[in-house]
Amino acid sequence: MSDFSVTEPSPGQKWIAGVLVALYAVITILPLVWIIATGFKSSADSIAYPPKVLFEPQLEGYVNLFTTQTRQTAEYLAQHPPQTWYEKIVHDRGLVIAGPSRFGERFLNSVIIGFGSTFLTIVLGTLAAYAFSRFRVPLKDDLLFFILSTRMMPPIAVAIPIFLMFRSLGLSDTHAGMILLYTAVNLSLAVWLLKGFIDEIPMEYEEAALIDGYTRFQAFNRVVLPQAATGIAATAIFCLIFAWNEYAFAVLLTSGTAQTAPPFIPTIIGVGGQDWPAVAAGATIFLLPVMVFTILLRKHLLRGITFGAVRK
Amino acid sequence: MKTKARKGPQMTNSMIERAAVATPPTVARRIRGLSDRAIAWIFVAPTIFLLLAVNIFPLIWTIRLSFTNFRANRPNAEVEWVGLRNYQRILTDPDIWATMQATAHFLIWTLVFQVLIGFTLAWLINRKFKGNDLWTTIIVLPMMLSPAVVGNFWTFLYQPQIGLFNYAVAFFTGADPTSFSMIGDVALAPWAIVIVDTWMWTPFVMLICLAGLRSIPDSIYEAAECDRASNWRQFWTITLPMALPFLMLAVLFRGIENFKMFDLVVQLTGGGPGSTTELTSINLKREAFEKWRTGYSSAYAIILFVTVFGLASIYVKALNKVKER
């Protein structure tokens, strides 16, 4: 666009718009900054009035997040001096570390279930999307619509029969059960998005490969997959973020072994009342990867969140 | 919804038809290995199977259960067929109408705020000032995060004395920050959930509106300039009508999502105080997984599904009319 274009906003207009948007961005990011900051506060600082903006950063919240502690008598504490820096933090408050907390496990569950279901979704979804894109599949439109309409059910409504089904199949509170469930939930979006990406790859490439003597599988493998790689990656990250953030199914269908982090983090309670620095530390560790992905993914964001309805 | 799904990928359909005409009979015969038809089935079957197992089978099961008095915590008790009694009870229960009202309040106000703020932001960002990409990315962040974890942290921000939100309100209005509790007060709690949802999901509306604004060709504005149309007139006759289908799409997505709303609100207020913020999903969870009235809540679930589906279908018809204009 040239500098003289009539549609180009004037510098003054741009400046005002920029200031307003920046102001909104700063306000909107404040709660997130507050989460990260609270994670590094001491318990006293976290509940100070007025809320403390400047404080001495501490790792108390993180230590509390990863450990369980018990109160001990002064003599016991005197006899057992702290060995490590994190023991010292706890020691100074008259406590000793009793063992690791469950946060590590829960976080690992989130990783296993998130990546497991994403992998499965992408494998199944890419195959189905390719078939929908390239072949005549009977009732194709109905199938695609059906696949998408499954997203309209409230998760709680779906959870009732799933709960019964999982119970009779022995899948309740297992990694396999959660991976299958998240795969099924994500598949609809994945097939829909991936079909869009594969539709954009010209047929001529494959035709050329087929004429050169490739089989369909080879053509799919060596021609379509590399071309669709960016789209597949973007879809994968969307599936991962969904599985990562999911709460309703997780809270209803898992309680111990397979519980993911979202139902766990709100239940973190310290010695005496809710331990906000520990909750904030857990939230920070949990949310930060998604923030990073969002920043990396910003160009592909729109297509994923609108089920491919908005293409650009 | 049906019409929309068919209308959406128009371009793709024609491409498939072109492809179908272009390849199969001539090329496929020449290639070794499986026929295209077999490959198509092998590729689609696992997806269909999984969706049938996890979506359709449970749906049919739910419909069946909705006519019984089954309770999941008593699997050995005799199950009685009760016909339409569950449906009748739900539709005449004043408590359920109260949760519907709470849901409607939540739905309407979140949509109003998100559309107003989201569209304004998109319009401002479309002024193409320097660094708009960076600010857009920052604004989008809340939307990508786990609603349960973020909702839980908002209860901390809403604390009467130590909470950042109350402090900020007190700072700007001069009110006593201990004098009000956003999630403890019957009058304020419905607004507390609207505020957090608006904070979280306005960027979604903004992104879609931005796509809409960017799809308007410059030439239209240039023509309007030649005709000496005022900025005000350009906005009402070009910008808004052309972005309207996108705006309506954003409303559709947010509407469906907020009708299903569970995680954010359950963490924020848990439906309280009393049942002022007990949205239908939270109420359903209570009936199904706390009171264990499985048959009853199955009927409830079906009613909700039919409601979403019905409203969405009507809305999509309207959306398509706007698009055709």
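I began with helix α8 of chain B and listed its buried residues: B:Pro147, B:Ala148, B:Val149, B:Val150, B:Gly151, B:Asn152, B:Phe153, B:Trp154, B:Thr155, B:Phe156 and B:Leu157. I note that this is a predicted model.

I then checked how much of α8(B) that list covers. It is 11 of the 11 residues, 147-157, so the helix is largely enclosed by the rest of the structure.

Next I looked up B:Phe153. It belongs to the largest nonpolar core, which has 164 residues. Together with A:Ala131 and B:Cys209, B:Phe153 touches the most other members of that core. I asked which residues of chain A B:Phe153 touches. I found A:Ile35, A:Val279, A:Ala280 and A:Ala283.

I turned to chain B as a whole. I counted 15 helices and 0 strands. Of its 325 residues, 41% are buried. For contacts in chain B with a separation of 6 or more, I got 71% from residues 24 or more positions apart.

Last, I took one helix pair across the two chains. Helix α1 of chain A (residues 11-39) packs against helix α6 of chain B (residues 94-125) at an angle of about 135 degrees. Their axes are 9 Å apart. I logged the crossing as left-handed.

Which residues make the contact? From α1(A) I listed A:Ala17, A:Leu20, A:Val21 and A:Tyr24. From α6(B) I listed B:Leu121, B:Leu124 and B:Ile125. I sorted the contact residues of this pair into 7 nonpolar, no polar and no charged.

How values were computed
Residues numbered from 1 in each chain as written. Chains lettered and ligands numbered in written order. Predicted model: local features only at pLDDT ≥ 70, side-chain atom pairs only at ≥ 80, totals over all residues. Helix = DSSP H or I, 4+ residues; strand = E, 2+ residues; numbered from the N terminus. Buried ≥ 20, exposed ≤ 12 C-beta atoms within 10 Å, placed from the backbone. Contact = placed C-beta atoms within 7 Å. Core = buried A, V, L, I, M, F, W, Y, C linked by C-beta atoms within 7 Å. Axes fitted to C-alpha atoms, helices over the stretch in contact; angles between N-to-C directions. Left-handed = near helix turned anticlockwise from the far one by under 90°. Nonpolar A, V, L, I, M, F, W, Y, C, P; charged D, E, K, R; others polar. Lists of a residue's contacts leave out its neighbours within four places in sequence.
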